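This report is for a reader who has not seen the structure before. Please look over the sequence and the model before reading on.

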Amino acid sequence: MSTQTKTMLLNMGPHHPATHGVLRLELELDGETIRRAHPHVGYLHRGFEKMAEHKTAQQIIPLTDRLDYAAASVNNLGLCLTVEKLLGLEVPKRAQYIRVIMAELSRIMGHQLWLGTHALDIGAMTPIFYAFADRELAMEITEEASGYRLTPSFLRVGGVAKDITPEFVRKVREYVKKMPKAIDGYHQLLSQNAIWMKRTKGIGVIDADTALNYGMTGPSLRGSGVPYDVRKAAPYSCYNDFDFQVPVGQDGDSYDRYLVRMEEFTQSVRIIEQAIENMPSGPIMADNPWSTNPDLDSVRHNVDDLIRRFKISSQGFALPSGETYYAVEGAKGELGFYLVGNGETHPYRLKIRSPCYYLVSALPYLIEGHMIADVITLIGSIDIVLGEVDR
Amino acid sequence: MDNNQALAAITQAYPQAVSATEQSYGQLHITTNVHGDDFLSFMRFLRDDATLSYTLLSDVTAVDWTPNTPRFDVIYILYSVRNEHRLIMHLPISEDSTVPSVSGIWHSANWGEREVYDLMGIYFDNHPDMRRILTWDSFEGHPLRKDFPLHGNYDVDDFDFLTLEVNSAFSSESDQPCQIPNALE
């Protein structure tokens with residue numbers, strides 16, 4: 001009798017709950033060990049880059065909300081900064097501080113969503129309840145500022161949509177006070193948990209050079225020990241005013257990536273605390289007659305400002321000829337926008353450099369040689385959002 | 001490292017590779033006119049050179065400048081983590097020419113170039129897996145070209161979802177999906 005070994009092909013997704021959206025993975029299995037893996041993306045491709053070529057700069061902001069919908073404000077920030085760079089706009093300091101608060105809140109919200117679902121995928125059910133309950137606090141602050149919870153579109157080219165209220169300040173102060181205890185709670189649930197360590201330590205090890213070579217950025221790269229953070233490397237929007245650290249890991253495994261994100265909670269709360277306590281006064285919108293809206297008060301009393309607001313809202317403003325790339329530190333990594341203007345109101349070309357896209361491309365390397373159950377760990381540990389992968 | 005130092009290091013080693021430079025908005029853009037193996041060795045030099053060390057290829061993209069010639073501008077966004085310096089490289093190519101793939105130098109070029117091929121229709125030579133990535137395999141046209149209409153080439157009602165083939169990345173005979181018996185039969 002002869003035995004024949006044959007590998008088996010398994011399709012995972014696109015509707016598997018652990019794939020965090022619509023990711024399809026083809027796995028070649030030898031028993032339960034994975035020989036090869038191949039991700040298929042594009043199930044959520046909405047053609048944002050093509051749509052952006054037919055919209056004005058302000059109209060693209062809501063599209064960016066839908067990239068990484070778990071952390072929307074930081075995407076708005078990336079687009080606004082790119083357009084402002086092309087226009088040469090100087091944003092007032094108060095607006096920049098409000099933007100930083102919104103961006104860091106969205107980063108915390110994104111990480112809380114990651115923590116809850118990552119732990120749930122691995123089998124720990126408790127963290128998701130705590131993470132989502134605390135995420136609600138950040139959602140309420142976002143709602144207080146913008147009126148929306150998940151997709152705020154709060155930032156505008158040149159500033160922010162409206163000034164913050166005393167209620168907002170009160171809520172943020174309360175949040176900053178509550179969060180350190182909540183973060184300690186997450187640590188108590190998982191960081192020293194024997195099952196958690198067994199499931200994440202030594203899983204998906206990637207060294208620093210390979211991670212860079214695959215284009216990994218953000219917490220997933222810092223887990224491998226590369227201290228690359230756009231907020232430190234090329235500070236934007238007053239980030240050099242704040243005192244914060246960039247946590248890095250050593251081993252480059254899932255556990256280190258977990259620890260890096262856990263430490264980012266603390267650092268983000270620190271940034272929010274500094275921003276709300278040192279909030280400068282002044283305008284919240286740059287004053288440029290060609291590209292920024294005048295404030296509502298002068299619109300009501302001055303017909304020129306009324307016309308200006310109407311023209312900028314309806315026709316948009318011309319983007320000068322030129323090309324620029326601008327990157328911000330998104331919740332998942334380096335989120336960049338390559339913007340080409342040609343003197344018209346619509347961008348000639350807008351390319352979104354999505355961090356998750358390159359994180360997914362590294363998945364085959366990470367998965368190879370592991371078990372099926374570890375695939376779930378790995379998808380969670382690089383923290384992907386398919387809205388950003390597919391755009 | 002600032003823009004001028006980076007530019008001096010590049011032009012010193014490869015004086016013939018840089019055809020134009022620009023420093024708009026504080027960023028260093030260089031345009032190259034080398035092709036084929038020279039292009040690959042130039043790219044490898046940018047990554048491996050001890051002073052430059054552009055170890056991260058952030059993104060590969062392209063701009064369609066139709067009706068200008070050459071039609072496309074392939075753009076490589078390189079970043080040096082050690083020097084905290086970003087270099088944007090432009091490679092102008094015509095519609096009917098191909099570009100050598102740099103996926104052997106940076107793994108991230110694998111998916112970056114696939115996306116450019118899918119959305120812009122620029123073919124990369126010696127790429128390990130040159131297939132569409134964001135659209136499906138039987139999709140016709142390249143959406144980000146300027147001659148592709150915003151609403152697509154056909155109406156959604158005319159689209160036949162039932163015959164859409166789901167393709168596998170592993171196409172050899174031993175890798176066929178296993179048959180799962182239908183529980184209802």
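How many bridges join S6(A) to strand S7 of chain A? The two strands run antiparallel and are joined by 8 bridges. The model described here is predicted.

## Chain A as a whole

Chain A holds 17 helices and 8 strands. Its C-alpha atoms fill a box of roughly 95 × 45 × 35 Å along the principal axes. A compact globule of 391 residues would have a radius of gyration near 21 Å, and the 22 Å of chain A agrees with that.

Of the 391 residues in chain A, 54% count as buried. Among the chain A contacts with a separation of 6 or more, 71% are between residues 24 or more positions apart.

## The sheet S6-S7-S8 in chain A

Strands S6, S7 and S8 of chain A form an open sheet of 3 strands, in that order, with antiparallel pairing. Strand S6 (322-329) and strand S8 (349-353) are at the edges; each has a single partner strand, so one side of each has no neighbour in the sheet. From one strand to the next, the twist averages 10°.

Strand S7 of chain A covers residues 334-341.

What does H3(A) lie across? The helix lies across S6 and S7 of chain A, and runs at about 150° to S6(A). Helix H3 of chain A consists of residues 72-87.

H3(A) also packs against helix H2 (residues 57-65) of chain A, at an angle of about 150° and with the axes 8 Å apart. That angle makes H2(A) roughly antiparallel to H3(A). The contact involves Ala57(A), Ile60(A), Ile61(A), Thr64(A) and Asp65(A) from H2(A). From H3(A), the residues involved are Ala72(A), Asn75(A), Asn76(A), Leu79(A) and Val83(A). The crossing of the two helices H2(A) and H3(A) is right-handed.

## Glu84 in helix H3

Is Glu84(A) buried or exposed? Glu84(A), which has its place in H3(A), has 23 C-beta neighbours inside 10 Å and therefore counts as buried; the cut-off for a buried residue is 20 or more.

Beyond its neighbours within four places in sequence, Glu84(A) is in contact with Leu89(A), Val91(A), Val157(A) and Gly158(A). Glu84(A) and Leu319(A) are 235 residues apart in sequence, while their C-alpha atoms are 9.6 Å apart in space.

## Chain B

Chain B has 3 helices and 7 strands. Along the sequence, they follow the pattern α-β-β-α-β-β-β-β-α-β. Of its 185 residues, 33% count as buried. Among the chain B contacts with a separation of 6 or more, 48% are between residues 24 or more positions apart.

Definitions and conventions
Residues are numbered from 1 along each chain as its sequence is written. Chains are lettered from A and ligands numbered from 1 in the order in which they are written. This is a predicted model: local features need pLDDT of at least 70, side-chain atom pairs count only at pLDDT 80 or more; totals for chains, interfaces and linings use all residues. Helices (H or I, at least four residues) and strands (E, at least two) are DSSP runs, numbered from the N terminus. The radius of gyration is taken over C-alpha atoms; the globule rule is 2.2 Å times the number of residues to the power 0.38. A residue is buried if 20 or more other C-beta atoms lie within 10 Å of its own, exposed if 12 or fewer, and partly exposed in between; C-beta atoms are placed from the backbone. Two residues are in contact if their C-beta atoms, placed from the backbone, lie within 7 Å. Two strands pair if DSSP finds at least two bridges between them. Axes are lines fitted to C-alpha atoms, for helices over the stretch in contact, and angles run from 0 to 180 degrees between N-to-C directions. Angles under 35 degrees count as roughly parallel, over 145 as roughly antiparallel, 65 to 115 as roughly perpendicular and the rest as oblique. A crossing is left-handed if the near helix is turned anticlockwise from the far one by less than a right angle, and right-handed if clockwise.
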